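Me: Please take me through this fold step by step. I will ask, you answer briefly.

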Amino acid sequence: MKSNIQFYHKTLYPLPVLLTAIEGYRRIAEISLSDDGDYFRCSFTNCVVDPVRVVCEFHNYLIELLNSQGADSGL
């Protein structure tokens, strides 16, 4: 993964989940979010560790948030 820009499909990653993850990572990286049609675009800058690692861990955190949300909503 060479890019610090990642795209998240809106049907898989609801905006509230992305915003929660971005807030959780505010001390680790600056993450800007924009709307790109069917996707949300996240740009990762000023990472405190290797940006590739930050993006990978961010993905894991998103999955964890989605799983916990699904468990809470009975999905």
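The questions below go from the overall fold to single residues.

Me: In what order do the elements of the chain run from the N terminus on?

Reply: This is a predicted model. The chain's secondary structure comes to two helices and three strands. Read from the N terminus on, these elements run β-α-β-β-α.

Me: What is the order of the strands in the open sheet?

Reply: The sheet has three strands, with antiparallel pairing. β1 (5–9) and β2 (30–36) each pair on one side only, as edge strands. Neighbouring strands are turned by 25° against each other on average, direction ignored. The strand order is β1-β3-β2.

Me: Which residue is the bridge partner of His9 in β3?

Reply: Strand β3 covers residues 39–45. β1 and β3 pair in the antiparallel sense, over five bridges. In one of these strands, β3, the bridge partner of His9 is Tyr39.

Me: At about what angle does helix α1 run to β2?

Reply: Helix α1 spans residues 15–24. α1 lies across β1, β2 and β3. Against β2, the helix runs at about 165°.

Me: What radius of gyration does the chain have, and why does it agree with a compact globule?

Reply: The C-alpha trace spans about 35 × 25 × 20 Å along its principal axes. A compact globule with 75 residues would have a radius of gyration near 11 Å, so the chain's value agrees. That value is 12 Å.

Me: What percentage of contacts between residues at least 6 apart in sequence join residues at least 24 apart?

Reply: Two other figures describe the chain. Of its 75 residues, 28% count as buried. Its accessible surface comes to about 4900 Å², and 52% of that belongs to carbon and sulfur atoms. For the contacts asked about, the share joining residues at least 24 apart is 65%.

Me: Which element gives the most residues to the largest nonpolar core?

Reply: The core has 18 residues; Tyr8, Leu18, Ile31, Cys42, Phe44, Phe58 and Leu62 touch the most other members. At least two residues each come from α1, β3 and α2 (51–73). The most, five residues, come from α2.

Me: Which residues are in contact with Leu18, leaving aside its neighbours within four places in sequence?

Reply: Leu18 is among the residues of the largest nonpolar core that touch the most other members. With those neighbours left aside, Leu18 is in contact with Tyr8, Tyr13, Leu33, Phe40, Cys42, Phe58 and Leu62.

Me: Is Phe44 buried or exposed, and what is its relative accessible area?

Reply: Phe44 lies in strand β3. Leaving aside neighbours within four places in sequence, Phe44 is in contact with Asn4, Gln6, Tyr8, Glu30, Ile31, Val54, Val55 and Phe58. Buried means under 20% relative accessible area. Phe44 is therefore buried, with a relative accessible area of 1%.

Me: What distance separates the C-alpha atoms of Phe44 and Ile22?

Reply: Phe44 and Ile22 are 22 residues apart along the chain. Their C-alpha atoms are separated by 10.0 Å.

Me: Why does Ser43 count as buried, and at what relative accessibility?

Reply: Ser43 is found in strand β3. Not counting residues up to four places away in sequence, Ser43 touches Asn4, Ile5, Glu30, Ile31 and Ser32. The cut-off for buried is under 20% relative accessible area. Ser43 counts as buried because its relative accessibility is 15%.

Terms used. Residues numbered from 1 in each chain as written. Predicted model: local features only at pLDDT ≥ 70, side-chain atom pairs only at ≥ 80, totals over all residues. Heavy atoms only, no water. Pairing = 2+ DSSP bridges. Helix = DSSP H or I, 4+ residues; strand = E, 2+ residues; numbered from the N terminus. Axes fitted to C-alpha atoms, helices over the stretch in contact; angles between N-to-C directions. Contact = heavy atoms within 4.5 Å. Buried < 20%, exposed > 50% of the residue type's maximum accessible area, 1.4 Å probe, protein only. Rg over C-alpha atoms; globule rule 2.2 N^0.38 Å. Areas by Shrake-Rupley, 256 points an atom, 1.4 Å probe, with all protein chains shown as cover. Core = buried A, V, L, I, M, F, W, Y, C linked by side-chain atoms within 4.5 Å.
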